[in-house]
Amino acid sequence: MERDFIKELGYKALDNRLKRISDRMSHDTRKFFKQIDIDIEPSWHLVFKLLKEKGMLTMAEIAEQLGYTHPSMVVMLKKMTAKGYIVSEKDTVDKRKQNIKLTQKSLDLFPELKQIWDSCENAIYKMLKEDLSIIKHLDEIEASLKACSFNERFYNEYQTKKNENT
């Protein structure tokens, strides 16, 4: 068996391990969509679901509700627009705002997408052996980072070590 350096590092490589898992799941999901000949990206499902629920939102509202940065949201929404899944139109009250909504193409595809997402959710649930305690841990990590950013924590630890060595 090959050495798994990231796994050996344990909590010291938490961000790398989470990214590796996320990348693997996204890659496999992308591969699945190609197998069934649907031209969407795995990361788009949250936008589909959110717009289906809300009807119409601005880019800022979508980014805020998903916790994504504005630049990453711009890229994602441009791709979705280019593929014909969403459209944007000027707000009738505030002409600076662009309201985003699903196209008929998306709405027509939605029943199949729901079946796909349900299957994916079931696969994840079974992969976790029906133990959702990881979600509690992720919630705790996110709450902790919201209370005090990783940058601040990292900087404080660095300064403490630096002061101990002087």
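Student: What is the accessible surface of the protein, and how much of it belongs to carbon and sulfur atoms?

Tutor: Accessible areas are computed with the Shrake-Rupley method and a 1.4 Å probe, and for residues only the protein chains shown count as cover. Here the accessible surface comes to about 12,800 Å², and 55% of that belongs to carbon and sulfur atoms. Before we go on: this is a predicted model, in which local features need pLDDT of at least 70 and side-chain atom pairs count only at pLDDT 80 or more, while totals for chains, interfaces and linings use all residues. Residues are numbered from 1 along each chain as its sequence is written, and side-chain values use heavy atoms, with hydrogens and water left out.

Student: How many helices and strands does the protein have?

Tutor: Helices (H or I, at least four residues) and strands (E, at least two) are DSSP runs, numbered from the N terminus. The protein has 8 helices and 3 strands. From the N terminus on, their order is α-α-α-β-α-α-β-β-α-α-α.

Student: Why is the protein said to be more spread out than a compact globule?

Tutor: The radius of gyration is taken over C-alpha atoms, and the globule rule is 2.2 Å times the number of residues to the power 0.38. For 166 residues the rule gives 15 Å, whereas the radius of gyration of this protein is 20 Å, which is well over that value, so the protein is more spread out than a compact globule. The C-alpha trace spans about 65 × 45 × 25 Å along its principal axes.

Student: What share of the residues is buried?

Tutor: Each residue is sorted by relative accessible area: buried is under 20%, exposed is over 50%, and partly exposed is in between (1.4 Å probe, protein chains only). In this protein, buried residues make up 20% of the 166.

Student: How many disulfides does the structure hold?

Tutor: A disulfide is a pair of cysteine sulfur atoms within 2.5 Å. The structure holds 0 of them.

Student: Which residues does L77 touch, beyond those up to four places away in sequence?

Tutor: Contact means heavy atoms within 4.5 Å. L77 sits in helix 5 (residues 70-82) and is buried, with a relative accessible area of 4%. Its partners beyond those sequence neighbours are V47, M59, I62, I86 and I100. W44 is 33 residues from L77 along the chain, yet their C-alpha atoms are separated by 8.7 Å. For the protein as a whole, take contacts between residues at least 6 apart in sequence: 45% of these join residues at least 24 apart.

Student: Which residues of helix 3 are buried, and what covers them?

Tutor: A general point comes before the case. An α-helix has 3.6 residues a turn, so residues three or four places apart point the same way. In helix 3, the buried residues include V47, F48, L50 and L51. Their cover includes strand 1 (56-58), helix 4 (59-66), helix 5, strand 2 (86-90), strand 3 (98-102) and helix 6. After helix 3 comes G55, with a positive phi near 90°.

Student: Which residues have a positive phi without being glycine?

Tutor: D37 is one, with a phi of about 60°; K129 is another, at about 55°. D37 lies in the loop between helix 2 (14-35) and helix 3 (45-54), and K129 in the loop between helix 6 (104-127) and helix 7 (133-147). D37 is exposed, with a relative accessible area of 71%, and K129 counts as exposed at 72%.

Student: Where does N99 lie, and what does it contact?

Tutor: N99 lies in strand 3 and is buried, at 12% relative accessibility. Apart from neighbours within four places in sequence, its contacts include M56, L57, T58, V87 and S88. N99 and S88 are 11 residues apart in sequence, and their C-alpha atoms are 5.3 Å apart in space.
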